[in-house]
Amino acid sequence: MANRKVITVFGATGAQGGSVAKALLESKHFAVRALTRDVTRPKALELQGLGAEVVKGDLNDKASVETALKGAYGAFVVTNFWEHFSKDKEVCQGKLVADTAKRLGLKHVVYSGLENVEQLSGGKLRVPHFDGKGEVEEYFWSIGVPMTSVRLAAYFENFLTSWKPAKAPDGDYYTLALPMGDVPMDGISVADIGAAVSSIFNSPEEFIGKAVGLSAEALTTQQYADVLSKSLGKDVRDAKITPEAYEKLGFPAAKELADMCRFYQMKPERDVKLTHRLNPKVRSFSQFISENLGAFKDI
């Protein structure tokens, strides 16, 4: 590890961090210090087997973040809003990493950010799992950390869980409830993010100080439904639900996700062409679904 620059990967056993850690290990340009709260987890042991230095780390602990970043050239930073549903906590974690990176002189941080929707919409929309990341992006840049923000499109993986087509109560078909109207929504598989981030670390002069929107492709709800119909051999239709109706569905984050889709309808910048340059093997929605048919066994 001594002769290669070290990149610390936060959340290395999670979806984003795991994708990045594996891609960096595969490219062999950098040594990987993989951070996780439980070094005995199977995913941590797998990364160790692939050649990573696996280290116990906690984003809420200043000393732990310091140890994680000491001697590192760069870092991939991801925070998980859904673990605690607290924007303030997410902002605190991000700022702690930013302050530590600044003090230790890291040369390139790639931060998994997003837009500050509340600010951009003049307070009309509130999407806390975006807004906190937007605040942290600004903070990294304001204190002079050499940082690239990667703003990810909606995960294709959501279609296997929370956005899975639902059986229509009045017929032999299924509906896809995404309040997007006719506006295309960008998407990407979280597994394809790692290779793109690895490419960004290889070209610091091109990407430091920039926000990069990652997307495999942008499809309308009807087009997503068409792909699902074809792949599953079922009739899947756009539920044509409005954001107003969606936010009344009553599950915990309904209002937040309705506002997220209102923001998506404003077409935030996601760069499909650049994403394909950074990861030429990035999968389309159709390819992704064909590789994950097992998730739809109950349909």
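**Reading loops, helices and a sheet**

Author: Serine 189 sits in the loop between strand E10 (185-188) and helix H7 (193-202). Keep in mind that this is a predicted model.

Reader: Is serine 189 buried or exposed?

Author: The cut-off for buried is under 20% relative accessible area. Serine 189 has a relative accessible area of 0%, so this residue is buried.

Reader: Which residues are in contact with serine 189?

Author: Leaving aside neighbours within four places in sequence, serine 189 is in contact with Phe156, Glu157, Arg283 and Phe288. With glutamate 157, the side chain of serine 189 makes a polar contact of 2.8 Å.

Reader: Where is alanine 153, and what does alanine 153 touch?

Author: Alanine 153 is in the loop between strand E6 (147-152) and strand E7 (154-155). With a relative accessible area of 4%, alanine 153 is buried. Not counting residues up to four places away in sequence, alanine 153 touches Asp186, Gly187, Ile188, Leu214, Ser215, Tyr264 and Arg270. Take glycine 187: this residue is 34 residues from alanine 153 along the chain, yet their C-alpha atoms are separated by 4.8 Å.

Reader: What should I look for in the phi angles?

Author: Most residues other than glycine have a negative phi. Phenylalanine 85 has a positive phi of about 55° although it is not a glycine. The residue is in the loop between strand E4 (74-77) and helix H4 (87-104). Since exposed means over 50%, phenylalanine 85 counts as exposed at 52% relative accessibility.

Lysine 267 also has a positive phi, near 55°, and is not a glycine. This lysine lies in the loop between helix H11 (254-264) and helix H12 (272-278), and counts as exposed at 58% relative accessibility.

Reader: How do I read a sheet?

Author: Strands of a sheet pair through backbone hydrogen bonds, either parallel or antiparallel. Here three strands form an open sheet with mixed pairing, in the order E8-E9-E13. Strand E8 (166-167) and strand E13 (236-238) stand at the edges with a single partner strand each, so one side of each has no neighbour in the sheet.

Reader: In which sense do E9 and E13 pair?

Author: Strand E9 (residues 174-176) and E13 pair in the parallel sense, over three bridges. Leucine 176 has aspartate 238 in E13 as its bridge partner.

Reader: What lies across E9 and E13?

Author: Helix H9 (residues 221-232) does, running at about 180° to E13. Its twelve residues should span 16 Å at 1.5 Å a residue, and the end C-alpha atoms are 16 Å apart, which agrees.

Reader: Which residues of H9 are buried, and what covers them?

Author: An α-helix has 3.6 residues a turn, so residues three or four places apart point the same way. In H9, the buried residues are Thr221, Tyr224, Ala225, Val227, Leu228, Ser229 and Leu232. Their cover includes E9, E10, strand E12 (217-219), E13 and helix H13 (285-290). After H9 comes glycine 233, with a positive phi near 70°.

Reader: At what angle do H6 and H11 pack?

Author: Helix H6 (residues 128-142) packs against H11 at about 65°, and their axes are 9 Å apart. H6 contributes Pro128, His129 and Phe130 to the contact, while H11 contributes Glu256, Leu257, Met260, Phe263 and Tyr264. By class, this contact has six nonpolar, one polar and one charged residues.

Technical notes
Residues are numbered from 1 along each chain as its sequence is written. This is a predicted model: local features need pLDDT of at least 70, side-chain atom pairs count only at pLDDT 80 or more; totals for chains, interfaces and linings use all residues. Side-chain values use heavy atoms; hydrogens and water are left out. Helices (H or I, at least four residues) and strands (E, at least two) are DSSP runs, numbered from the N terminus. Buried means under 20% relative accessible area, exposed over 50%, partly exposed in between (1.4 Å probe, protein chains only). Contact means heavy atoms within 4.5 Å. Two strands pair if DSSP finds at least two bridges between them. Axes are lines fitted to C-alpha atoms, for helices over the stretch in contact, and angles run from 0 to 180 degrees between N-to-C directions. Ala, Val, Leu, Ile, Met, Phe, Trp, Tyr, Cys and Pro count as nonpolar, Asp, Glu, Lys and Arg as charged, and the others, Gly among them, as polar. A polar contact is a pair of N or O atoms within 3.5 Å; within protein, one must be able to donate a hydrogen and the other to accept it, and residues adjacent in sequence count only if both atoms are side-chain atoms. The expected span of a helix is 1.5 Å times one less than its number of residues.
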